[in-house]
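Me: I've got a model open and want to talk through a few spots in it. Can you walk me through them?

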Amino acid sequence: MGILTLSGALEIASCTDPGMVRSHNEDSIAADAEKGLAVLADGMGGYNAGEVASGMATTVIITELQQLLERRVPYELDEQSGQVVAHQLLREQIAKANTSIFQASQSQSQYAGMGTTLVVALFYDNRMTVAHIGDSRLYRQRGEELRQITRDHSLLQEQIDAGVITPQQAKQSGNKNLVTRALGIDPVVEAEITDHDTQPGDIYLLCSDGLCDMVSDDDIGLALHTLSSNLKLCAQHLVQTANDNGGRDNVSVILVRVLQAYPAPRGVVDKMKSWFR
């Protein structure tokens, strides 16, 4: 067993669906509550290529991180880079996934131009590090307040930032799906990585744009608030709401509830104790 297990600290539920229009699902999700990991990817590309890209992304990232977290401690500083190990692990595995997808798209014509969005959450030491690329999102529900933690890498968000359009106009825009950054399209991609303190009772929502394009933030917040006691039902309800509202895209949801504090073991004695848990 690794140094860290978050057994009992997190509850995770997920749901993914092709939606009402698409014939197949190009979203891919993976999660591991004990390792504090959640990964969601929304693929793009020609026939079936999107689901290949998103599947490669989630598989590479979750499998590699599960193994690395047996040996590496995410809250420690890496001596070489000076970065928190969590950041280094995420950057390295996202780069590995990017290379895998990019090389497949270069070498096999049916996968040319495939890519995927990505959002990864890693929980450790009473905090959460999120890495994202594209317009898949992470939200946090804390008490009554729903907050969008990630900022879309999209043409629409750039237009909002530049003051060209208002957030209200953006909701009506036809340019919703134009991302400015994706995994697997270029030889190198930069993920945006941020850290956030967590509190018991927090609920974190990772979702593809198939949810937030179809369901308003107010309705998402209402669902998280009223159905939070049954996380699985809540995930299914969010997906169903997107479908009831038209379901124009694949829709995927991962919900992570913080059940209790999960401070990192400090000092040699604490570390030795955690080995024998």
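Me: Where does N175 lie?

Reply: N175 is in the loop between helix 4 and strand 9; helices (H or I, at least four residues) and strands (E, at least two) are DSSP runs, numbered from the N terminus. Before we go on, this is a predicted model, where local features need pLDDT of at least 70, side-chain atom pairs count only at pLDDT 80 or more, and totals for chains, interfaces and linings use all residues. Residues are numbered from 1 along each chain as its sequence is written, and side-chain values use heavy atoms, with hydrogens and water left out.

Me: Which residues is N175 in contact with, leaving aside its neighbours within four places in sequence?

Reply: Those are L155, L156 and Q159, where contact means heavy atoms within 4.5 Å. N175 is partly exposed, with a relative accessible area of 30%; buried means under 20%, exposed over 50%, and partly exposed in between (1.4 Å probe, protein chains only).

Me: Switching to charges. How many salt bridges does a search of the whole structure find?

Reply: The search finds 10, counting a side-chain nitrogen of Lys or Arg within 4 Å of a carboxyl oxygen of Asp or Glu. One of them joins E64 and K96, with the closest N and O atoms 3.3 Å apart.

Me: Why does the E64 and K96 pair tie together parts that are 32 residues apart?

Reply: Because E64 lies in helix 1 (residues 49–68) while K96 lies in helix 2 (residues 85–107). E64 is partly exposed at 24%, and K96 also counts as partly exposed, at 38%.

Me: And what does E190 meet in a salt bridge?

Reply: The side chain of R91, at 2.9 Å from N to O. That pair links distant parts of the chain, since E190 sits in the loop between helix 4 (167–172) and strand 9 (192–197), and R91 is in helix 2, 99 residues apart. R91 is partly exposed, at 32%.

Me: Now D125. Buried or exposed?

Reply: D125 is buried, with a relative accessible area of 13%. Its place is in the loop between strand 5 (118–124) and strand 6 (127–133). D125 forms a salt bridge with R127 (3.2 Å, N to O).

Me: What else does the side chain of D125 reach?

Reply: The backbone nitrogen of A264, at 2.9 Å. That's a polar contact, a pair of N or O atoms within 3.5 Å; within protein, one must be able to donate a hydrogen and the other to accept it, and residues adjacent in sequence count only if both atoms are side-chain atoms. Not counting residues up to four places away in sequence, D125 touches Y75, Y262, P263, A264 and R266.

Me: What about the phi of D125?

Reply: Phi of D125 is near 50°, a positive value in a residue other than glycine. Most residues other than glycine have a negative phi. N126 also has a positive phi, about 60°, and is not a glycine. N126 is in the loop between strand 5 and strand 6 and counts as partly exposed, at 24%.

Me: Thanks, that covers my list.
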